[in-house]
Amino acid sequence: MTDRLSSGEVTITLGGRERVLRPTLDAARKINSKFGGFTQVYQQFVQQDFAALTYVLAAGLNAKRLQETIDEIEPQVFAGGLFTGYGEAAIKFLRNLTAGGRDADAAAETDAPDDGDADPE
């Protein structure tokens, strides 16, 4: 079992309280199905699509109650600054989904190829 720091969870402050985006298989499936792949989600983010942002955040918060979660968080995401407030966290969450639910940055460090230079210490 992985700890929270390496699990790929992303914490955001939404509506004045901390919430956790969980990179689950269910969230990945719903996002993939909705947008036709992760590349298309990133394209929507480049266009600063509010609906795409709230969908991704809602999928991370509660993929099982997706539409209710979207309805609940839309005003909070708007008040929190849309992409200015949540874009970075949403992108980190998407990256963690594509890393199989793990922290993508930590996974990249452990998956880095050995360059063959052993430290002579």
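Predicted model: local features only at pLDDT ≥ 70, side-chain atom pairs only at ≥ 80, totals over all residues.
Local features need pLDDT of at least 70 and side-chain atom pairs count only at pLDDT 80 or more, while totals for chains, interfaces and linings use all residues. Residues are numbered from 1 along each chain as its sequence is written, and side-chain values use heavy atoms, with hydrogens and water left out.

Select residues 25–35, helix α1, and residues 38–46, helix α2. Helices here are DSSP runs of H or I, at least four residues, numbered from the N terminus. Their axes (lines fitted to C-alpha atoms over the stretch in contact, angles from 0 to 180 degrees between N-to-C directions) come within 8 Å and cross at roughly 70°. That makes α1 roughly perpendicular to α2 (65 to 115 degrees).

Next, show the side chains of A28, I31, N32 and F35 in α1, which meet F38, Q40, V41 and Q44 in α2 (contact means heavy atoms within 4.5 Å). Five of the contact residues are nonpolar, three are polar and none is charged (Ala, Val, Leu, Ile, Met, Phe, Trp, Tyr, Cys and Pro count as nonpolar; Asp, Glu, Lys and Arg as charged; the others, Gly among them, as polar).

Now turn to the rings. The whole structure holds two aromatic pairs (ring centres of Phe, Tyr or Trp, its six-membered ring, within 6.5 Å; planes over 60 degrees apart count as edge-to-face).

F35 lies in α1 and Y55 in helix α3 (residues 50–62), so the pair ties together parts 20 residues apart in sequence. Both F35 and Y55 are buried (under 20% relative accessible area, 1.4 Å probe, protein chains only).

Finally, select F45 and F83. Their ring centres are 5.3 Å apart and their planes at 80°, so this pair is edge-to-face. F45 is in α2 and F83 in helix α5 (residues 82–98), 38 residues apart. F45 and F83 are buried.

Technical notes:
Helix = DSSP H or I, 4+ residues; strand = E, 2+ residues; numbered from the N terminus. Parallel < 35°, antiparallel > 145°, perpendicular 65-115°, else oblique. Phe/Tyr/Trp six-rings, centres within 6.5 Å; stacked < 30°, edge-to-face > 60°. Buried < 20%, exposed > 50% of the residue type's maximum accessible area, 1.4 Å probe, protein only.
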